[in-house]
Amino acid sequence: MITIYKTKNYEELSRKTADIISAQLILKPHSVLGLATGSSPIGTYKELVRRCSEGTIDFSKVSTVNLDEYRGISGDNDQSYRYFMNTNLFDHVNIDKTKTNVPDGMATDSDAECERYDSVVSSMNGVDIQLLGIGHDGHIGFNEPCETFPKGTHVVKLTETTIKANSRLFASVDDVPREALTMGIGTIMAAKCLVLIASGKDKAEIVKKAFFGEVTPLIPASILQFHKNAILVADEDALSECNI
Ligand code: GLP
């Protein structure tokens, strides 16, 4: 069952998503938040930082798990997702950083790291809210279109579309890592609530396919249609291909 919030623009989308996360933190201070990277959640994180600094919300008892990390770059590299999370959220709120988790992209044994990460997630007794963005090909985390839905955390080869899309954040396309570690679809679907955010006309086509089309691993985000508590927060542009 999917609840859809349509917002006027990105700013309203960010406030709405921050409202959902704030409500969760107020109701349950020990919440486990599943977090995402990319441009989509930046406004939400800014709003959460603002609310934390004015004392409306408190991160002191919160734990977090992130969806994914590039393989082969370390957490202090400014292109890593660990660095993104520190600079966009963790460094600016009263969270205990030892309770924040991102897969280790530098682990020499990536398969062992994936197993370790799955045990971290399962030791948390469930992720309360998992935040998600969506790639132009429908990927969530780094679960790229494929034949079957992957279950647990695993290593993926990024598609050319994703490498190209993410190259805007790198000096050149050659600098974009070719592989990543990502939670699987099974790990993501185990969260109690999923919140996917989408903004902009360039996401309109994939939003329509993912939420109003066939459920298929060729469009990984379409699996959200089978979650019992999934929320889509999207602006008018991202919903412009849908009749709602
Ligand atoms: C990356 C991330 C995804 C994110 C996607 C879309 O590939 N691994 O988690 O959802 O980009 O990013 P954006 O929000 O910048 O469009």
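Q: What percentage of the 244 residues of the protein count as buried?
A: This is a predicted model, and burial is judged here by a relative accessible area under 20%. Of the 244 residues of the protein, the share that counts as buried is 54%.

Q: What is the radius of gyration of the protein, and why does it count as compact as a globular protein of that length?
A: The chain folds into seven helices and ten strands. For 244 residues the globule rule gives 18 Å, and the value for this protein is close to that, so the protein is as compact as a globular protein of that length. The C-alpha atoms fill a box of roughly 45 × 45 × 35 Å along the principal axes, and their radius of gyration is 17 Å.

Q: What share of the contacts with a separation of 6 or more comes from residues 24 or more positions apart?
A: A contact requires heavy atoms within 4.5 Å. Among the contacts in the protein with a separation of 6 or more, the part that joins residues 24 or more positions apart is 79%.

Q: Which strands stand at the edges of the open sheet, and why is one side of each left without a neighbour?
A: The open sheet has seven strands in the order 1-10-9-6-2-3-5, and their pairing is parallel. Each of the two edge strands has a single partner strand, so one side of each lacks a neighbour in the sheet; they are strand 1 (2-7) and strand 5 (100-101).

Q: Which residue is the bridge partner of G34 in strand 6?
A: Strand 2, residues 32-35, and strand 6, residues 129-132, run parallel and are joined by two bridges. In strand 6, the partner of G34 is Q130.

Q: Which residue of strand 8 stands opposite D68, and which stands opposite K157?
A: Strand 8, residues 179-182, runs antiparallel to strand 4, to which three bridges join it. Strand 7, residues 154-157, also runs antiparallel to strand 8, and four bridges join these two. Opposite D68 stands T182, and opposite K157 stands E179.

Q: Which residues of helix 3 are buried?
A: Helix 3 spans residues 81-88, and its buried residues pack against strand 2, helix 2 (42-53), strand 3 (63-66), strand 4 (68-70), strand 5 and helix 5 (160-166). The buried residues of helix 3 are Y81, R82, F84, M85 and N86.

Q: What separates the C-alpha atoms of E115 and T153?
A: E115 belongs to helix 4, residues 110-122, and counts as exposed at 61% relative accessibility. E115 and T153 are 38 residues apart along the chain, and their C-alpha atoms are separated by 7.0 Å.

Q: What is the phi of N125, which is not a glycine?
A: N125 is found in the loop between helix 4 and strand 6, where N125 is exposed with a relative accessible area of 68%. Most residues other than glycine have a negative phi. N125, although not a glycine, has a positive phi of about 60 degrees.

Q: How far apart do the centres of the positive and negative side chains lie?
A: The accessible surface of the protein comes to about 10,900 Å², of which 52% belongs to carbon and sulfur atoms. The protein has 25 positive and 33 negative side chains, and the distance between the centres of the two sets is 6 Å.

Methods:
Residues numbered from 1 in each chain as written. Predicted model: local features only at pLDDT ≥ 70, side-chain atom pairs only at ≥ 80, totals over all residues. Heavy atoms only, no water. Pairing = 2+ DSSP bridges. Rg over C-alpha atoms; globule rule 2.2 N^0.38 Å. Buried < 20%, exposed > 50% of the residue type's maximum accessible area, 1.4 Å probe, protein only. Areas by Shrake-Rupley, 256 points an atom, 1.4 Å probe, with all protein chains shown as cover. Lys, Arg positive; Asp, Glu negative; His and termini not counted. Charge placed at Lys NZ, Arg CZ, Asp CG, Glu CD.
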